[in-house]
Amino acid sequence: MTVTLADVAARAQVSPATVSRVLNGNYPVAASTRERVLRAVDELDYVLNGPASALAAATSDLVGILVNDIADPFFGIMASAIQSEIGGPGGRAGGERLAVVCNTGGSPERELTYLTLLQRQRAAAVVLTGGAVEDTAHAAAVSAKLRKLADAGTRVVLCGRPPAPEAVALTFDNRGGGRQLTEHLIGLGHRRMGYIAGPEERTTTRHRLEGHRDALEAAGIEDDPRLTVLGRYDRRSGYEATLELLRRDPSLTAVVAANDTVALGACAALRDSGLRIPEDVSVAGFDDLPFAIDAVPALTTVRLPLTEAGARAGRIAMGREEPPPGQIATVRGELMVRGSTGAPRT
């Protein structure tokens, strides 16, 4: 037998209107009354009619989390941290939110499709993670979607993504982190460094590469375009790009990778080429993903506080933390110096 709103009202000894107010959260209700209603919801295992309540309320109980690749620990860590902040007090039906992770696969078209679907579902909040695609038409389309979501009452938060007027943004200082890494290698004495970048169209790729080039310029080192290889943010790309860099310049003494996964591929290519790390070639990564410290040798990298940033984005999306001043906060990385970098051989 289906449990109705009236059944919950009878169990809690309140009116059906009061039950509706508690479940929709759109009207103040005394704490003791709210507690009775939520206890009745739990005892009767009442299932709120999401689509119907979304029509009555400004937003539904849905929260969308957009990621580029859920299999990538970078996105998995952030998505998990965001979701951990989404549940309601005590995990009860009246305060719960349903988190939906939308895996775009790096496709601009899928990103727009998910934003449209979340708009139709009147999502309570949407959190977009990771870098953006640098395409004028796509940026304009995303901006229009975010504006519509915000106008409809959806909280929009960007985590690790460049700022946008329509959203709160927690941005990662990718440029500063990229500069830190290369400055560290320069300080050790390296002058011939290969750089393995990510996809050309991603903002993260450009910003990290700009940081690398900033450090080279500050040190008076020529930026040799032959020593930069574009690829994907995966191990295979790191492996293949490192072999290409060695072909172009067998004398290079260090490889800077776009992220830790790429760095692992670079390490494998160097070992397969009979080279030692860091005695022959140093390797640096970015992000400080969980496996970075367990690599052999452990990776020198820039630690981004992915869990902390994701959790903060989740709290802001749920209205449990105030947005930063000006709607933008810059999250800076920390250089983690480990065994994969050392002074070049003389």
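**Salt bridges and other local features**

Modeller: Searching the whole structure gives 25 salt bridges, a salt bridge being a side-chain nitrogen of Lys or Arg within 4 Å of a carboxyl oxygen of Asp or Glu. Please note that this is a predicted model, in which local features need pLDDT of at least 70 and side-chain atom pairs count only at pLDDT 80 or more, while totals for chains, interfaces and linings use all residues. Residues are numbered from 1 along each chain as its sequence is written, and side-chain values use heavy atoms, with hydrogens and water left out.

Biologist: Which residue forms a salt bridge with Asp-224?

Modeller: The partner of Asp-224 is Arg-192, with the closest N and O atoms 3.5 Å apart. The two are 32 residues apart: Asp-224 is in the loop between helix 9 (203-218) and strand 7 (228-230), and Arg-192 is in the loop between helix 8 (174-188) and strand 6 (193-197). Helices (H or I, at least four residues) and strands (E, at least two) are DSSP runs, numbered from the N terminus.

Biologist: Is Asp-224 buried or exposed? And what about Arg-192?

Modeller: Asp-224 is buried, at 15% relative accessible area, whereas Arg-192 is partly exposed at 30%. The cut-offs are under 20% relative accessible area for buried, over 50% for exposed, and partly exposed in between (1.4 Å probe, protein chains only).

Biologist: What does Asp-249 meet in a salt bridge?

Modeller: Asp-249 also pairs with Arg-192, at 2.6 Å from N to O. Asp-249 is buried, with a relative accessible area of 6%.

Biologist: Which residues do salt bridges with shared partners join into one network?

Modeller: Arg-315 forms a salt bridge with Glu-321, their closest N and O atoms being 2.7 Å apart. Arg-315 is partly exposed at 26% relative accessible area, and Glu-321 is partly exposed at 23%. As for the network, Glu-134, Arg-175, Arg-206, Glu-210 and Asp-214 are joined through salt bridges that share partners.

Biologist: Turning to the backbone, where is there a cis peptide bond?

Modeller: One joins Ile-277 and Pro-278, with omega about 5°. Pro-278 sits in the loop between helix 11 (260-272) and strand 9 (282-284). Val-296 and Pro-297 are also joined by a cis peptide bond, with omega about -5°; Pro-297 is in the loop between strand 9 and strand 10 (301-303).

Biologist: Which residue other than glycine has a positive phi?

Modeller: Gln-13 is one of them, with phi near 60°. Gln-13 is in the loop between helix 1 (5-12) and helix 2 (16-24) and is exposed, at 70% relative accessibility. Arg-122 has phi near 55° and lies in the loop between helix 6 (108-120) and strand 3 (125-129). Arg-122 is partly exposed, at 34% relative accessibility.
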